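Here is a short note for a colleague who is new to this entry. Please keep the view open while reading the points.

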Amino acid sequence: MVQVSVIIPALNEEEKIEDCLRSLRNQTLGDFELIVVDGVSTNMTVEIARRIVDRVILAPGSKIGGPVDRS
């Protein structure tokens with residue numbers, strides 16, 4: 001059972017997302033899931049994230065740190 005979920009909001013973070021996610025993935029916390037919520041980036045952000053994280057959620061119209069519209 002996953003004890004911790006780490007959620008990273010992203011929007012066009014191609015240049016820095018890989019370093020951020022690899023750093024998180026390599027920490028020693030133990031059992032955790034890594035999730036990226038992407039505001040529909042127009043660069044390679046999602047493709048990079050999918051190689052590293054457990055789940056990518058696409059949230060069209062969301063701003064970084066803003067609420068996700070699930071309607």
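**Strands, loops and charged pairs**

1. Start with the strands. Strand 2 (residues 32–38) and strand 3 (residues 55–58) run parallel, and four bridges join them. Within this pairing, Val37 has Ile57 of strand 3 as its bridge partner. Keep in mind that this is a predicted model.

2. Now the backbone angles. Most residues other than glycine have a negative phi. Asn12 is not a glycine, yet its phi is positive, about 55 degrees. Look for Asn12 in the loop between strand 1 (4–10) and helix 1 (17–25). Asn12 counts as partly exposed because its relative accessibility is 36%, which falls between the cut-offs of 20% and 50%.

3. Val40 also deserves a look. Its phi is positive at about 65 degrees, although Val40 is not a glycine. Val40 sits in the loop between strand 2 and helix 2. With a relative accessible area of 40%, Val40 is partly exposed.

4. How many salt bridges does a search of the whole structure find? The search finds four. Side chains of opposite charge can pair when their charged atoms come close. One of the salt bridges is between Arg22 and Glu18, at 3.0 Å from N to O. Both residues lie in helix 1, four residues apart, or about one turn of the helix. Arg22 is partly exposed at 40% relative accessible area. Glu18 is partly exposed as well, at 29%.

5. Glu18 has another partner. The side chain of Arg51 meets Glu18 in a salt bridge of 3.8 Å, N to O. Arg51 belongs to helix 2 and Glu18 to helix 1, so this pair ties together parts that are 33 residues apart in sequence. Arg51 counts as exposed, at 56% relative accessibility.

6. The strands carry a charged pair too. Arg55 forms a salt bridge with Glu33, and their closest N and O atoms are 3.8 Å apart. Arg55 lies in strand 3 and Glu33 in strand 2, so the pair ties together parts that are 22 residues apart in sequence. Glu33 counts as buried because its relative accessibility is 18%, under the 20% cut-off.

7. Last, the network. Salt bridges that share partners join Glu18, Arg22 and Arg51 into one network.

How values were computed. Residues are numbered from 1 along each chain as its sequence is written. This is a predicted model: local features need pLDDT of at least 70, side-chain atom pairs count only at pLDDT 80 or more; totals for chains, interfaces and linings use all residues. Side-chain values use heavy atoms; hydrogens and water are left out. Two strands pair if DSSP finds at least two bridges between them. Helices (H or I, at least four residues) and strands (E, at least two) are DSSP runs, numbered from the N terminus. Buried means under 20% relative accessible area, exposed over 50%, partly exposed in between (1.4 Å probe, protein chains only).
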